[in-house]
Amino acid sequence: MRTIHVSNLAIFLSLAACQSGGGGAGTDSDGETAGTGTSMGTSNGDPTDGGGDCPSDAQFFETSVWTPILSKTCITCHNPEGLAKDTRMVLLAEGEEGWLEANFAAAKEVALDDEGGTLILLLKPTNQHPDMHKGGMVVTPDTEAYDALAQFVARSQGTFSCTGPDGEGAAGCDEGGAGVRRVRRLSHVEYNRTLAAVLGAPTELGLGFAADTVVQGYTNNAGALVVSGLLADQYRDAAEKVADLIVADLPARLGCDPVADGEETCAHDFIARFGKQVYRRPLTADEQARYETLWKEAAAIEKFDGGIRWTIAAMLQSPGFLYRTELGEHAGEGIYELTPYELASELSYLIVGGPPDSQLMAAADDGTLKDPDVLRMHATRLLASADADATLHRFVDEWLHIDRLRTVPRDATLYPELTPQIREAMLGETHRFVGDVYRGGGSLAELLTANYSFMTDELASYYGVEAGAGEPDPAGFKRAEAASAAGLLTHGAVMTTHALPTSSSPIHRGKLVRERLLCQDMPPPPPALDTSPPPVDPGLSTRERYTQHSADATCAGCHSRIDPIGFGFEHYDAIGRTRTMDGVHAIDATGEVLLTDNTNGPFDGADELAQLLAGSPNVEACYTLQWARYAVGSAAGSELKCVQDDLTAAFVEAEGRLDSLVLALVGTRFFRERGGAPSPGGDPTTGEDPTTGGEMTTGEETTTSGGSTTGEPQPGPMTSPGIDVQITQDSKWEQGECNSVTVSNTTNAPIVWQVAIAMQGTIQNAWNAKYTQDATHFVWTGEPYNAEVAAQGTTSFGFCILY
């Protein structure tokens with residue numbers, strides 16, 4: 001049976017190896033990053049006088065480049081006293097005479113310098129310049145900051161038009177707010193919950209997988225969720241384990257009798273029923289036929305149960321299970337309406353982090369889920385379910401980085417009280433508190449200023465507060481009065497995570513507020529700089545040590561923004577307990593928030609800081625952005641622009657009510673529709689691939705041609721003498737495709753094979769082969785283990801390509 005395992009593994013792992021974004025996320029129909037200014041038309045004219053809704057170059061610089069980027073990130077080094085004082089871009093602080101005009105001129109000079117095609121203002125801050133950037137990567141590609149810099153470059157070079165196809169309105173959506181067409185891989189958390197639904201029991205199979213990539217703190221970024229060779233192997237192993245579990249209990253799961261009903265009839269019924277559960281939609285006729293063929297081949301060797309086992313294993317490695325689509329059906333004028341089944345998955349994974357339940361699937365089956373009122377009704381229903389708590393907890397854990405609490409190191413000699421049980425109780429406290437505020441219709445302000453929490457008696461004793469009254473929940477948590485009125489920020493989980501092994505840390509805590517509540521990302525320290533914390537000195541308080549540390553001009557640019565906030569938490573030690581003294585030193589917890597739009601001000605202690613943050617439009621906007629990044633699964637500013645304004649308006653109108661954001665998102669066009677050009681080779685009237693009805697193709701066999709990026713026939717592959725090649729297009733989307741290739745030796749002697757396939761594009765993933773590329777072909781050769789094909793033998797390889 002290993003023959004069946006190997007041959008079908010080549011097919012189905014190739015399906016799993018497709019990249020989640022499909023090349024579609026954040027790209028336009030030509031495959032260029034939308035909104036990056038790479039082809040922006042003509043200049044808008046006078047750089048000092050904007051017209052209509054189009055800001056002038058100077059206005060755009062002030063609002064979109066200076067305020068959010070240069071004044072928050074770059075000026076820390078690019079100032080007359082900083083590390084970059086000898087570069088061409090030296091910036092003046094706000095308030096200095098002529099600061100705005102000087103800074104505009106300095107930035108424009110750099111924007112005009114391309115050094116033979118190298119765009120300095122884009123490549124330096126992203127650390128992609130050949131000479132690198134001494135400050136490291138301070139701007140991430142495919143973010144709103146990068147898009148703003150790219151537009152400023154285009155404006156400076158006279159190639160930008162607000163009304164052009166790539167002007168101000170260009171973003172990761174259409175002008176009406178429809179989102180980006182794409183497929184996205186399930187995160188490991190989503191995979192586990194989906195597998196648990198299939199098994200009918202909890203499972204932790206996905207928790208041992210190669211870790212999901214973290215983007216801006218979140219592990220569900222669609223563009224980062226790709227399938228490596230290691231992860232493909234882990235998917236295969238998990239799929240076979242699950243198949244074994246199901247087959248061990250097959251009579252109870254089969255839903256038919258192979259003896260009474262006939263094996264083929266029973267297999268047909270099981271594949272249709274199980275396939276709908278796994279794919280979260282009915283199987284297409286082609287998919288049904290393909291799995292039935294697989295079952296027959298396997299059953300001929302391993303009988304009925306063995307055929308079912310391999311069919312289950314194949315389904316659990318297929319794109320239909322591992323990915324969820326947001327492609328839609330073409331509704332005309334470049335708009336794609338998500339299908340009811342796509343809406344069901346989108347809504348369910350958003351709120352409960354797992355597959356649609358029976359009620360959602362019923363609404364998808366009868367099509368009523370496309371009604372916005374029905375969609376909102378199901379959203380409200382899911383929000384009220386206990387399963388929604390786990391998704392809320394995951395967001396809070398990743399937003400505030402307290403997912404690290406279990407593993408952050410602490411000196412056991414200094415802090416023996418911080419046991420694993422106390423760490424778990426801290427997480428339980430935060431989860432119950434956030435859930436209580438959320439379910440009670442509470443606001444962001446309450447989250448930040450509440451004077452109560454939920455503790456076990458042991459945790460209350462640890463904090464030194466009175467135990468709560470009333471009945472505890474099953475885990476022993478009761479509502480209790482907290483030591484302060486600073487809400488979430490002073491929870492033990494937050495204070496312990498953002499501290500050092502032997503002491504508190506104004507840097508860690510100030511950086512948390514600056515980045516996660518004000519959305520001002522701080523640049524990394526300059527290279528070769530000693531970033532170790534100031535040594536512990538019993539003769540100095542923590543504040544004195546850090547004040548001394550940040551007096552260095554090299555450090556002051558950043559630390560002046562971080563440390564004064566972090567000092568406000570000095571009444572909390574390294575393990576989240578309150579204190580009145582720092583060793584023998586009285587605590588000075590005064591501080592100040594600086595360099596924000598409307599949150600600046602002094603404070604004394606965490607309570608006053610919390611009040612300052614709770615009343616801040618900056619914090620409201622940042623919380624909305626953080627939630628949108630998590631909910632949409634994107635870090636691209638160009639995409640989030642399409643929905644963030646609507647979410648912020650709804651959040652403000654609801655007076656910061658936490659649960660308002662979910663229903664606001666569900667009510668947008670962004671949630672229900674996608675925009676984009678028809679897929680290559682698709683029907684010109686519907687934009688759908690004619691072989692799939694708009695769904696991803698999965699395993700459709702092609703001829704031995706090398707595929708096409710234009711819908712036109714391409715020359716067949718060139719091969720070594722005696723070698724035949726069959727290319728199977730496993731999946732296809734707007735900007736790319738995945739293929740598996742079977743290489744057959746038709747002779748009676750071994751052959752070292754080579755295959756040249758006529759295609760153009762960028763290989764995103766490849767397995768079981770190596771390649772070189774010329775102007776028209778990819779030339780593939782085997783790895784050491786399959787470079788030689790035995791007489792009359794076969795081998796296989798696969799790849800995913802972006803056009």
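Thr719 has Val755 as its bridge partner in β18. The model is a predicted one, in which local features require pLDDT of at least 70 and side-chain atom pairs count only at pLDDT 80 or more, while totals for chains, interfaces and linings use all residues. Residues are numbered from 1 along each chain as its sequence is written, and side-chain values use heavy atoms, with hydrogens and water left out.

**Sheet containing β14 and β18**

- β14 and strand β18 (residues 754–758) run antiparallel and are joined by two bridges; strands pair if DSSP finds at least two bridges between them.
- Strands here are DSSP runs of E with at least two residues, and helices are runs of H or I with at least four, numbered from the N terminus.
- The open sheet has four strands in the order β14-β18-β21-β20, with antiparallel pairing.
- Its edge strands, β14 (718–719) and β20 (769–773), each pair on one side only.

- β10 and β11 run antiparallel, joined by four bridges, and Thr590 stands opposite Asp604 in β11.
- Buried denotes under 20% relative accessible area, exposed over 50%, and partly exposed in between (1.4 Å probe, protein chains only).
- Thr596 lies in the loop between β10 (590–593) and β11 (601–604) and is buried, with a relative accessible area of 9%.
- The side chains of Thr596 and Asn600 make a polar contact (2.6 Å); such a contact is a pair of N or O atoms within 3.5 Å, where within protein one must be able to donate a hydrogen and the other to accept it, and residues adjacent in sequence count only if both atoms are side-chain atoms.
- Not counting residues up to four places away in sequence, Thr596 touches Arg514, Leu518, Gln520 and Asn618, contact meaning heavy atoms within 4.5 Å.

**Helices α13 and α14**

- The axes of helix α13 (residues 358–365) and helix α14 (residues 372–383) come within 11 Å and cross at roughly 170°; axes are lines fitted to C-alpha atoms, for helices over the stretch in contact, and angles run from 0 to 180 degrees between N-to-C directions.
- α13 and α14 are therefore roughly antiparallel to each other, a term for angles over 145 degrees.
- Gln359, Leu360 and Ala363 in α13 meet His378, Arg381 and Leu382 in α14.

**Confidence**

- The protein averages a pLDDT of 80, and 81% of the residues score at least 70; pLDDT is the predictor's confidence in each residue, from 0 to 100.
- Residues 164–172 have pLDDT below 50, and this stretch has 25 contacts in the model beyond near neighbours in sequence.

How values were computed. Angles under 35 degrees count as roughly parallel, over 145 as roughly antiparallel, 65 to 115 as roughly perpendicular and the rest as oblique.
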